[in-house]
Amino acid sequence: MKYTKILVPTDGSEFSDIGQIRALRAANELGAKVVILSVAETDVSFGFRYKSAANALSEALVGESEENIEHAKEIAKDFPNVDIEYRIEKGRPAAVILDTLESEDFEMTPEGLDTLGSFMNQAVEDEAIDVIDLEATIS
């Protein structure tokens, strides 16, 4: 199978950094495009009485996603030949990631994204998406 498009969800964690580096190394070797996605959890609700607090929290989480993307761009500087697209989406992270995997032609997403846990396992069972050890792929 020729891999041409890799989805890399990021939450700014060390695990996300590892996944991103693995994906960028593989993409560099395979000529694949990488999409780095940070999802701002905006599905927060404290009820009508606390709407301003929910809005402030949502804005803060969007700001965190913006910081995650800036951090991802710093990592990506070491891979100038890789075609990279950066995205920020709003919603429930697991749902947005799954929707992205389902609606686009991604062939893989990197192993090591422990923050996705059982969600990614379900996505793999439901879809033909490879969650692989990218280090082994390019060896």
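Let me start with a definition: a residue is buried when its relative accessible area is under 20%, exposed when over 50%, and partly exposed in between, using a 1.4 Å probe and protein chains only. By that rule, the buried residues of helix 1 are S16, D17, G19, Q20, A23, L24, A26 and A27.

Two words on the source, everyone. This is a predicted model, where local features need pLDDT of at least 70 and side-chain atom pairs count only at pLDDT 80 or more, while totals for chains, interfaces and linings use all residues. Residues are numbered from 1 along each chain as its sequence is written, and side-chain values use heavy atoms, with hydrogens and water left out.

Now the overall picture. The protein has five helices and five strands; these are DSSP runs numbered from the N terminus, with helices being H or I of at least four residues and strands being E of at least two. Following the sequence, you read β-α-β-α-β-α-β-α-β-α. There are 139 residues, and 40% of them count as buried. For contacts, meaning heavy atoms within 4.5 Å, look at those with a separation of 6 or more: 71% come from residues 24 or more positions apart.

Back to helix 1, then. How far apart are its end C-alpha atoms? They are 24 Å apart, which agrees with the 24 Å that its 17 residues should span at 1.5 Å a residue; the expected span is 1.5 Å times one less than the number of residues. S16 belongs to this helix, and its relative accessible area is 1%. The side chain of S16 has a polar contact of 2.7 Å with that of D11. By polar contact I mean a pair of N or O atoms within 3.5 Å; within protein, one must be able to donate a hydrogen and the other to accept it, and residues adjacent in sequence count only if both atoms are side-chain atoms. Just after the helix, please notice G31, with a positive phi of about 75°.

On to helix 2, residues 51-76. Its 26 residues reach 37 Å from first C-alpha to last, close to the 38 Å expected. Which of its residues are buried? They are A54, S58, V62, S65, N68, I69, A72, I75 and A76.

Buried or exposed? S38 is buried, at 1% relative accessibility. Its side chain makes a 3.3 Å polar contact with the side chain of N68. Setting aside residues up to four places away in sequence, S38 touches T10, S65, N68, I69, R87, I88 and E89.

The C-alpha atoms of E85 and V35 are separated by 4.8 Å, although the two are 50 residues apart along the chain. Beyond its neighbours within four places in sequence, E85 contacts K33, V34, V35 and I36. A polar contact of 2.7 Å also links the side chains of E85 and R87.

Next, the nonpolar cores: sets of buried Ala, Val, Leu, Ile, Met, Phe, Trp, Tyr and Cys residues joined through side-chain atoms within 4.5 Å. The largest has 18 residues, and I6, L24, V34, I36 and V82 touch the most other members. Strand 1 (5-9), helix 1, strand 2 and helix 2 each supply at least two residues of this core. Apart from it lies another core of eight residues, including V35, V96, I97 and F106.

Finally, the rings. The charged end of K5 sits over the ring of F106, 4.8 Å from its centre, and the charged end of K73 sits over the ring of Y86 at 5.3 Å. To qualify, NZ of Lys or CZ of Arg must be within 6 Å of the ring centre and within 35 degrees of the ring normal.
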